Amino acid sequence: MILNKAFAWACVLVLGAAGAAGQVKTPKAPLTYVNNSQCEPCQACQPCAPCVQRPCPAPAPAPPLPPCRTPWALVAKYRSHPGIGVYRLHTQRATWSEAKKICEADGTHLAVINSQAEADLFKKFYQEARISDWFFLGFSRGKDGKFYTVQGRPLSSTGYARWGANEPNNAHGSEHCGFMLASGLLADGWCDARLTFICEAPL
Ligand SMILES: [Ca+2]
Ligand SMILES: [Ca+2]
């Protein structure tokens with residue numbers, strides 16, 4: 001009410017000052033404000049029409065918080081290698097498609113090599129696990145004949161595309177999936193081979 005009175009007085013004074021020959025108009029109905037502690041004050045003082053009281057708009061709801069996620073390094077069987085990444089070595093064999101799905105079920109992806117340090121780390125995994133086999137990596141041949149990672153990026157953009165001797169050779173026209181050789185170099189190979197593989201957590 002204090003505000004209403006003050007506003008009404010202001011209205012009278014303003015019009016009185018601006019009006020012709022001392023003509024002073026008094027609003028017939030008391031002026032009202034919207035809730036000006038939270039909303040814009042009513043601006044209807046000129047010409048002295050009563051303000052329309054209206055409710056404040058409802059505040060916008062706060063955006064939902066993202067769900068909490070366990071750090072990859074704490075997920076079972078994933079190990080953090082600072083400066084390189086977080087990985088899980090799967091010693092159970094699977095086809096390339098099966099391996100890709102197994103990683104995706106963890107929320108990770110079939111490993112992609114992005115540096116010599118990462119290639120050296122993978123070689124170390126296999127030496128420690130005493131696995132002398134080749135293993136699957138997260139790239140395959142696209143319809144255009146070029147290789148793409150499981151994230152759809154050209155293999156040439158990963159930062160590591162060192163091929164083994166005579167690779168990729170697409171032997172018998174049926175080698176479309178990514179392998180890493182024991183030497184740390186890349187090869188194309190048969191997707192339905194059953195190999196061990198590494199899942200890599202996203203950065
Ligand atoms: Ca990587
Ligand atoms: Ca090959």
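The largest nonpolar core here has 31 residues. A nonpolar core means buried Ala, Val, Leu, Ile, Met, Phe, Trp, Tyr and Cys residues joined through C-beta atoms within 7 Å. Buried means 20 or more other C-beta atoms within 10 Å of a residue's own, exposed means 12 or fewer, and C-beta atoms are placed from the backbone. Leu110, Ala111, Phe135, Phe136, Leu137 and Phe179 have the most contacts inside this core. Elements giving it two or more residues include helix H3 (116-128) and strand S4 (135-141). Helices (H or I, at least four residues) and strands (E, at least two) are DSSP runs, numbered from the N terminus.

A word on the source. This is a predicted model: local features need pLDDT of at least 70, side-chain atom pairs count only at pLDDT 80 or more, and totals for chains, interfaces and linings use all residues. Residues are numbered from 1 along each chain as its sequence is written, with chains lettered from A and ligands numbered from 1 in the order written.

Now, H3. Which of its residues are buried? Glu118, Phe122 and Tyr126. Just after H3, Arg130 takes a positive phi of about 55°.

Zooming out: the protein chain has 3 helices and 8 strands. Of its 203 residues, 25% are buried.
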